[in-house]
Structure formats: structure tokens, C-alpha cells
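Dear colleague,

Please find below the structure that I am handing over to you, with its sequence. My notes on what was found in it follow directly after.

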Amino acid sequence: MSRNSSTPRRVTAYAASLLLALAVPAAVDPPAAGAAADAVTVTVNARAGLATVPDTALGVNHAIWDQQLGSTETSDLLKAAGVTMLRYPGGSYADIYHWRTHTAPGGYVAPNTDFDTFMAAARRVGAEPMIIANYGTGTPAEAAEWVRYANVTKGYDATWWTVGNENYGNGHYGSAWEADDHPDKSATQYARLVVEYADAMKAVDPDIKVGAVLTMPGNWPDGLTAGADPGPWNQTVLSLAGPKIDFVDVHWYPGGTAAESLARTSHLPDAVWLLRQQIARYAGPDAARIGISFTELNVGAGQNTQPGALFLADAYSGLLEQGVFTVQWWNAHNGIGTVSQVAGQTDYGDFGLLSSGGCTADGSVCEPPFNTPFAPYHGLSMMNLFARAGDQLVRAGTDEPLVAAHAARRPDGSLAVLLLNKDPDTAYPVEIDYAGFTPADEAPTVHTLTNGAGAVATGRSSGATSRTLPPYSLTTLVLRPAGVVGGRPGAPGRPTAGAVTDRTATVSWPPAAPGGAPIAKYEVYRQHGAVSEQLGETARTSLTVGNLEPGTRYTVNVLARDTAGRVSWSSPPLTFATGSPAASTCAVRFGTGSDWGNGYIGTVDIVNTGPSAIDGWTLTWSWPTAWQQVSSGWNANWAQVGTQVTATSTADNRRLAAGGGSASAGFVGAYSGPNVPPSAFRLNGTVCATG
């Protein structure tokens, strides 16, 4: 976050050039203005469970340049919006801030923003604090003394502490906005000092949680290696500091136009998957304990208007579905920026939830009065109405890219469905299909936020299965279940996967508690979009599933069914990926190098391990995402259709001798989102081993 003015705001120049402001697929063309849109099918599958909403889910940043940080009015507004976590002292200011003297050399510190004032505000809001220890110009000893003051002297019981903010922006990769006084600015040095910070801070209070800064997969400098580091930032930090940390901290500014930012929420499942894969691979034993926080988030355009509200609700929901424990908007107050018109509304270019009440430098345009809520504030209020702590998010989907859906099943058996129309001009009728849930025959509670509205409107109206979504709107339906829901079994515990091969996996889970009748069996389902596909059933607490596809990601849930036919809530989700065959007549090694942030040099080495020579070969694979492609290549004839890549031999390398004949080919790869590597390759139709 910028710290170069008395009214800090996001530096969109570097955000645009460095943070996922990369090429994306062409925006979807909406129906022509005035045209009748076809009905959109929305599918809500209450048995396809995702993560449970944590009590730290809805977060916001506070900053020491905001003199209203501790005001009762600000705290009351944040509490009313459902904020449950507050971050302090504010982005890049954290790396110049000294808590004891309440100073930030080189930056502006407003009065009434000291740590005790922040903690008083957090308590009024009812929010957990997340505190950023100064890495850039501080020391482990200074951070440890902060922990001592907070939790020993004052008894604040502040659990969550991050070491620094965007420290990869210290110049190590060429761009420098983050303060860093260390002569060695490498990822290796950051990781070593994270260990020192964690040891010093936990020596004071062993119950705190310490986090390290990572970069979002698909965002600069993901994939880049600099200096003598053993690998990119995330790999280096996790390899050295992984055993000492409790969570990783990530930021996301997708950049682009409003339409592009709203489309890029589709990147989130793959980004979190890649991040978890990095943690599992590099962070050492018991890496599964490491949580993920997203502590800065904002839209690329339309920060104060409906794109901001839509993006907030869609991104918060998508990240919480993936098990992130907090998502935090940048910022509570921030300051006026570039003024524009967005979908008929004045946008002040202000990254705050609430108006700062300022004017442009020439005084020609002023924001609404101080603390007037902007559209993202109402989007956060909608999130508070949609997903509450303890709700289990469940799978929902649509057949229209401009309409998004999320759903949450509540402990009382009711269901909340969040529907977003990302089209600024067109109203979409929707037809909603439910699986694993039957709505009561009554008018549901409906919360609606339309373009330009000053608040979320709440009422009751008929239509649990059909309604029309206004342009640029958010709608939440809260539905009570038909019939009695008591007596059902408890949900099975979190599944694990063992003995995973290219075609099989053994899924195991803790047993469910019986309800009104004994448990008869467990059913294992794969999430296939918003549809559940049963993989098998058993009376035991493990099941080996077969007929799986090599190199494929599977998300599964387990449900318990009792002898009376009642079905439990779904277990927490399990996601695993099958591999390649242990033995095959071919082998492929896929490699990447020279990554520059939205492209890289890729290599494939092909080996014929079979007993017969191959005269002419075709290698195929599918990219895991729609935003990956082969731009050009060599030593093969390259083609891509959709996500399917085909490389055929040339006259020089068409013959592969039996028992080890090989060929190598290369390509220039491009990506505009998380660069998930392929893991299944076929040579002349045969699935190859990989290594």
C-alpha cells in the first residue's frame, strides 16, 4: 500500500503492471440493450459441502493515517456490516511503523490512531485484531515487545500476527514500494528473519499465531527467482520458515476494467489450490495446519460503485468456500482518487468502504459527507446477511457467466442463496434447481442491493425457484426447509485420501454421530460442478474408489444415511489429485523455466520405455484452466484447441527407439491467471508416467 501522501491510496500504476493485470479471455457480450434475456439455470446442491464459515471471515483494514480509526461512528458502522476481523496498522505503513513511539518515519500518522485506540475500536466492533509486525524497519525484539505489551501487560489476547506486508516489493525483483532496511533483501533473508520473529514473539506468548507474507499464485512475482534464492518467493519462504509459521498472508488486486475484475473471480479456486499445493510441498511436516488469510482485496475499477460491491461479495464468497479463514477489504477509509462515472453512478476512485469526505486537489469534486457508506460497504453487509459463522457453504453454479451463485446451509436447516448479476444493463430471469434441499411453501426472505441503492433492501416475496435479477444487483434468498429436519445424523468428519494412484484412491473419514436412528451407511460423492456424482457407499468409514481419471482433481464429500432414510449434512470437502501410472510404455517430464510473470519457457522430455520402437509420435495434454496456452514452440508441431494441446513429431525426431529412445521439445507458455501445471500426458493415446 502506498505511503507517499498524507491521504494514502492504492498505487494503481504498479497494481496494473504487476498484479494480475494480464490478458484475460474476451469479456462476455451481454444481450443487446432492451433484449429479453434467456432464463438462467441456477443449480444449488446442498449436499456438496464446501468450507464452514469461520468467526474471522469478514475483515477490513484500518490504517494509522485515518484519524477516525477509533471513532464510535466508524466502529458502529463496521459492526453493523458484520466485520469480524480488523487489520492494523495499515498496509505498507506496517513496515515503517514503530508501535511503542507510534511513529512511521516517512509517512503520516494521524492523531488518535495508536495501538490502544485501535484495540478499543476492535472491541467495540466485536472483531478479532490482525496485527502486522514491522519487518522492513523493525526487529524481532520490537515485535516481541509488542506481543508482550498487547497480551501480557494489557491482556488483549491478540492472536493473529503477520511479519511484514508485501515484502516481495522491496526491490528484490526490480520493483520497490515496500520499506526494507536490510542489506540483504532476498526471499531467503525474509524467511530466515520470519523464523527469528516467530521464535521471539512466541517466547512471550506461545499461543499466538504467526503468519508469513506470500504472493498470490498468478500474481507478480509468482514464478520469478532472483539472486541466490533456491526458488521463487513462495517456495523459498515456505521451505525455510514453514515449520515456524501458522498461516500465510496473501493479497489480491485483479486489475483491469470492472468487467475484467468481475470475471477474474473465476481464478480463485485454482489460485487457492496452487497455494495449498505449494504449502504442502515446501512447508515441511504437518503443513496442513497452515491457514490462509487474504488481507488486502479490492476491485480494479468502480471501487465505490456497484462493481466494488459485486466483486466483494463474489470474491469473499469464493475465498471462504475454499477454506480461507479471513478476507479483508482494503480499506475502511482511504481518500478520493480519480473520479469517473460507472454505470450511471459517480465513482470517486476511493478504495475505502466509507467516504473520507475529501475533495479533488482543484476542489471541483467532493465526496459525500464523511462516513457515508459506499457500495462495497453494502456488499459487505450483504455478505453478513448471506453467510454467518458456523454456516456451511455449499456448491452452487449457473449456466451464464454474467450470473454468479453461492449458497450456505445453516445449522437450523435453512438455506441462503446469493445471486449476482454482473451485467450493468440487462436483467436476467433465473430458474433455481435445488438438490438435497426442499424449500418450504412460503415466501422467502429476500435481501436486494441494486445499482445506486443506499442500503440493502429486505422484504418477503414469492419465488424460491424463480425470479428476475435486476442489472448490476446482488440478491440473497433465505429459505426455510419443508418438513421436519430434526433427527438426522451428524455430519461425518473431514475425509482424508490415502493410497492415491492414477486410477484409485482410498477415502477415509471419522464416523458421524447417530441422530434419531442408527446409521445405515455412508455415501461418497464427487462434486462435478454443482452436481454430485456418487462414487460409492459403504457401512464402514473408508471406501476405495476406482475408475478415476489420471491427473485429475477430485473434490468429494461423505454423507451419512440412517435406517430411517434421513441424510446428514455433508462432511467437509476433501480435494485430491490423481497422478500418473506407476508403470507405462512411455514417460514424460514437464518443466518450466525463465518465468516472467505472464509467460515462461516450457519443456517436455518424452521417453519411449516400451519394448517396441515408435515411428511418429503425438503428445497430448489438457491445461487445467482456460487461461493457459502454448504461444509458440520448437522441436515439434504445436497446436492448441480450447484447453487441449497437441505436439506432433518432426522429421528429425519422429523415431523413438525401444527401451529408452527420447525426444525433447519446447514452447513459450502464456497464462493470465494461476498457472496450474498439467499432470496427465498421452503419447499416441497411452497415458505416460511422469517424473
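**Aromatic pairs**

The structure holds 41 aromatic pairs. One of them is formed by Phe311 and Trp329, whose ring centres are 6.3 Å apart and whose planes meet at 55°, so this pair is tilted. Phe311 belongs to helix H9 (residues 306-321) and Trp329 to strand S9 (residues 326-329); the pair thus links distant parts of the chain, 18 residues apart. Both Phe311 and Trp329 are buried. Please bear in mind throughout that this is a predicted model.

A further tilted pair is made by Phe590 and Phe667, with 6.0 Å from centre to centre and 35° between the planes. Because Phe590 lies in strand S27 (residues 586-593) and Phe667 in strand S35 (residues 661-671), this pair ties together parts that are 77 residues apart in sequence. Phe590 and Phe667 are both buried.

Ring pairs also join Tyr88, Tyr97, Trp99, Phe115, Phe118, Trp146, Tyr149, Tyr156 and Trp161 into a cluster.

**Surroundings of Tyr600**

Both Phe590 and Phe667 are also among the residues that Tyr600 touches. Tyr600 is placed in strand S28 (residues 599-608). Is Tyr600 buried or exposed? Its relative accessibility is 1%, so Tyr600 counts as buried. Leaving out residues up to four places away in sequence, the contacts of Tyr600 are Phe590, Thr592, Gly593, Ser594, Asp595, Trp623, Phe667, Val668, Gly669, Ala670, Tyr671 and Asn675. For one of these, Ala670, the C-alpha atom is separated from that of Tyr600 by 6.6 Å, although the two residues are 70 residues apart along the chain.

In soluble globular proteins, nonpolar side chains tend to be buried together. The largest nonpolar core here has 120 residues, and Phe115 and Met383 are those with the most contacts inside it. Helix H5 (residues 187-204) supplies the largest share of this core, 10 residues.

With neighbours within four places in sequence left aside, Met383 is in contact with Leu58, Leu312, Ala313, Tyr316, Ser317, Leu320 and Leu418. Met383 also takes part in the contact between helices H9 and H10. H9 and helix H10 (residues 375-386) pack at an angle of about 35°, and their axes are 7 Å apart. The crossing of H9 past H10 is right-handed.

Which residues make this contact? H9 contributes Gln306, Gly308, Ala309, Leu312, Ala313, Tyr316, Ser317 and Leu320, while H10 contributes Ala375, Pro376, Gly379, Leu380, Met383 and Phe386. Of the residues in the contact of H9 with H10, 10 are nonpolar, 4 are polar and none is charged.

**Loop between S3 and H3**

Several of the features found concern the loop between strand S3 (85-88) and helix H3 (115-125), in which Pro89 lies. The peptide bond from Tyr88 to Pro89 is cis, with omega near 10°. Tyr88 is also a member of the aromatic cluster described above.

Asn112 lies in the loop between S3 and H3 as well. Asn112 is not a glycine, yet its phi is positive, at about 60°. With a relative accessibility of 54%, Asn112 counts as exposed, because the cut-off for that class is over 50%.

Asp114 is found in this loop between S3 and H3 too. Its relative accessible area is 27%, so Asp114 is partly exposed. Not counting residues up to four places away in sequence, Asp114 touches Tyr88, Tyr97 and His102. Tyr88 and Tyr97 both belong to the aromatic cluster. From C-alpha to C-alpha, Asp114 and Thr236 are 34 Å apart in space, and they are 122 residues apart in sequence.

**Further backbone features**

A cis peptide bond also joins Trp220 and Pro221, where omega is about 5°. Pro221 is in the loop between strand S6 (209-213) and helix H6 (233-241).

Asn684 has a positive phi of about 50° and is not a glycine. Where is Asn684 found? Asn684 is in the loop between strand S36 (682-683) and strand S37 (686-687). At 44% relative accessibility, Asn684 counts as partly exposed.

With kind regards

Methods: Residues are numbered from 1 along each chain as its sequence is written. This is a predicted model: local features need pLDDT of at least 70, side-chain atom pairs count only at pLDDT 80 or more; totals for chains, interfaces and linings use all residues. Side-chain values use heavy atoms; hydrogens and water are left out. A nonpolar core is a set of buried Ala, Val, Leu, Ile, Met, Phe, Trp, Tyr and Cys residues joined through side-chain atoms within 4.5 Å. Buried means under 20% relative accessible area, exposed over 50%, partly exposed in between (1.4 Å probe, protein chains only). Helices (H or I, at least four residues) and strands (E, at least two) are DSSP runs, numbered from the N terminus. Contact means heavy atoms within 4.5 Å. Rings of Phe, Tyr and Trp (its six-membered ring) pair if their centres lie within 6.5 Å; planes under 30 degrees apart count as stacked, over 60 as edge-to-face and the rest as tilted. Axes are lines fitted to C-alpha atoms, for helices over the stretch in contact, and angles run from 0 to 180 degrees between N-to-C directions. A crossing is left-handed if the near helix is turned anticlockwise from the far one by less than a right angle, and right-handed if clockwise. Ala, Val, Leu, Ile, Met, Phe, Trp, Tyr, Cys and Pro count as nonpolar, Asp, Glu, Lys and Arg as charged, and the others, Gly among them, as polar.
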